[in-house]
Structures are given as C-alpha cells and as structure tokens.
Amino acid sequence: DMDRFLYGRRLLGMLRRLVVDYRNKLLDSGDNEARKIFGKNEYAAKESETVMANKTLRRLRTFEYEGQQVEMFRHLKIGADENITKTIRVHFHWDAKRHRIVIGYCGEHFPISSR
C-alpha cells in the first residue's frame with residue numbers, strides 16, 4: 001500500500017538506527033538515552049492521551065506477537081499529514097526478554113481522535 005511513499009531511503013536509515021543504534025543504547029542505558037538516537041520529529045515513545053483513552057484507536061495499534069496481543073505505541077515517523085507519499089509510521093515493541101525490536105506495523109498514519 002505504501003509503494004508511492006517518497007522517502008524510502010530515509011525510512012531505511014531510520015530502521016537501521018532502530019535495530020542497531022537504538023537497540024544497543026536501549027540495552028546499555030534505557031529508553032531515555034536510546035530515544036536520543038532519533039530527532040524530535042522522528043520518534044514517539046507513546047501516543048497522545050486522546051488516543052490512549054480511546055479503545056478503538058488503541059486497538060489499531062495492537063498487534064500479535066508470540067501469540068499475544070501487544071500494544072505498540074512507540075513509533076518512528078516521517079511526515080504528519082494524510083498524504084501517503086510523504087507520511088509513514090512504524091509501530092514497534094521492545095521485547096526486553098529476547099533483546100529484540102519487533103515491528104508490528106509499517107504504513108500510513110493511523111487515525112487519531114482529531115481526524
């Protein structure tokens with residue numbers, strides 16, 4: 001669905017930083033330090049309060065992993081509008097037990113309560 005997204009090279013660089021640099025920093029220093037791998041407009045540790053309070057919007061950000069439903073609120077982001085050529089989201093989960101970044105979703109921006 002995202003074959004028209006224009007910034008694939010940028011996304012690939014962010015994914016590399018996620019699974020290498022962010023993961024390593026997360027293991028060494030925790031999320032407060034690891035998130036510094038990304039710029040302010042590239043990474044979000046959680047969703048807005050309105051999304052978190054809305055059962056339907058939370059469900060959109062829930063994915064199956066290891067037979068369990070896991071809410072994946074952490075996400076990488078490029079762009080901020082509904083234009084799929086310029087905006088993408090990558091929702092992921094940190095599996096601390098296995099030291100693994102798990103990507104649950106990569107695609108268009110999910111709905112938020114103001115849309």
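**Ground rules**

I number residues from 1 along each chain as its sequence is written. The model is predicted, so I kept to pLDDT of at least 70 for local features and 80 or more for side-chain atom pairs, with all residues used in totals for chains, interfaces and linings, and side-chain values rest on heavy atoms, without hydrogens and water.

**Entry 1: the sheet**

I looked up the strands and helices, which are DSSP runs numbered from the N terminus (helices are H or I with at least four residues, strands are E with at least two). I counted two strands as paired if DSSP finds at least two bridges between them. A reminder to myself: strands of a sheet pair through backbone hydrogen bonds, either parallel or antiparallel. Here I found an open sheet of four strands, in the order S1-S4-S5-S6, with antiparallel pairing. Strand S1 (43–44) and strand S6 (100–107) are at the edges with a single partner strand each, so one side of each has no neighbour in the sheet.

S4 (residues 74–78) and S5 (residues 88–95) run antiparallel and are joined by five bridges. Which residue in S5 is the bridge partner of Arg-74? I found Phe-92 there.

**Entry 2: the helix across the sheet**

I then turned to helix H1 (residues 8–29), which lies across S1, S4, S5 and S6 and runs at about 150° to S4. For such angles, axes are lines fitted to C-alpha atoms, for helices over the stretch in contact, and the angle between N-to-C directions runs from 0 to 180 degrees. Contact, or touching, means heavy atoms within 4.5 Å.

**Entry 3: the cores**

I searched for nonpolar cores (sets of buried Ala, Val, Leu, Ile, Met, Phe, Trp, Tyr and Cys residues joined through side-chain atoms within 4.5 Å). Buried is under 20% relative accessible area, exposed is over 50%, and partly exposed is in between (1.4 Å probe, protein chains only). The largest core has 18 residues, and Leu-18, Tyr-22, Phe-38, Leu-76 and Phe-92 touch the most other members. H1, S4 and S5 each give two or more residues to this core, and H1 gives the most, with five residues.

I checked Leu-18 too: leaving out residues up to four places away in sequence, Leu-18 touches Arg-23, Phe-38, Leu-76, Phe-92, Ile-101 and Ile-103. Another core, of seven residues, lies apart from the largest one, and its members include Tyr-65, Val-70, Met-72 and Val-102.

**Entry 4: salt bridges**

How many salt bridges does a search of the whole structure find? I got nine, taking a salt bridge as a side-chain nitrogen of Lys or Arg within 4 Å of a carboxyl oxygen of Asp or Glu.

- Arg-35 and Asp-31 meet at 2.4 Å, N to O; Arg-35 is partly exposed at 30%, while Asp-31 is buried at 15%.
- Lys-46 and Glu-49 meet at 3.8 Å, N to O, and both are exposed.
- Glu-66 and Arg-98 have their closest N and O atoms 3.6 Å apart. This pair links distant parts of the chain, 32 residues apart: Glu-66 is in the loop between S2 (62–65) and S3 (68–71), and Arg-98 is in the loop between S5 and S6. Through shared partners, Glu-66, Asp-95 and Arg-98 form one network of salt bridges.

**Entry 5: Leu-27**

My last stop was Leu-27 in helix H1, partly exposed at 36% relative accessible area. Leaving out residues up to four places away in sequence, Leu-27 touches Trp-94 and His-99.
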